[in-house]
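Hello,

Here is the structure I promised to pass on. Have a look at it first, and my notes follow below.

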Amino acid sequence: MDAYLEEELYDLMTFCIQNASTVPNYDSKKERIHEIGKEIHSDGGADAMENMYFAIQNRIKEEIQKDAKPYRSLWNDITDEWKY
């Protein structure tokens, strides 16, 4: 399941990074990013969230030369351990 979620999260984040917030489906993609964070947390806690985000952040940096850090805050209300 983690590999599937990683791929989906990567696709969603690259879409959001490469498109303006006025593009259709932008908000629904951000919502899905949040839902994936909840799934990861329920499966493995905050450590799993950190591990997944670290992997995604590195892939985005290497593959499209963009920064994924601004999207970390989408997971802020999932757990008190995640504050970005």
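Lysine 29 sits over the face of phenylalanine 15, 4.8 Å from the ring centre; a charge counts as over a ring if NZ of Lys or CZ of Arg is within 6 Å of the ring centre and within 35 degrees of the ring normal. Arginine 59 lies over the face of tyrosine 10 in turn, at 4.0 Å from the ring centre.

This is a predicted model: local features need pLDDT of at least 70 and side-chain atom pairs pLDDT 80 or more, while totals for chains, interfaces and linings use all residues. Residues are numbered from 1 along each chain as its sequence is written, and side-chain values use heavy atoms, leaving out hydrogens and water.

There are 4 aromatic pairs in the structure (rings of Phe, Tyr and Trp, the last by its six-membered ring, with centres within 6.5 Å; planes under 30 degrees apart are stacked, over 60 edge-to-face, the rest tilted). The ring centres of tyrosine 53 and tryptophan 75 are 5.4 Å apart with planes at 80°, so this pair is edge-to-face. Tyrosine 53 is buried at 0% relative accessibility (buried is under 20% relative accessible area, exposed over 50%, partly exposed in between, with a 1.4 Å probe and protein chains only). Tryptophan 75 is buried too, at 0%. Tyr53, Trp75, Trp82 and Tyr84 form one aromatic cluster.

Finally, asparagine 25 has a positive phi near 75° without being a glycine, and is exposed at 51% relative accessible area. Glutamine 65, also not a glycine, has a positive phi of about 55° and is exposed at 58%.

Best wishes
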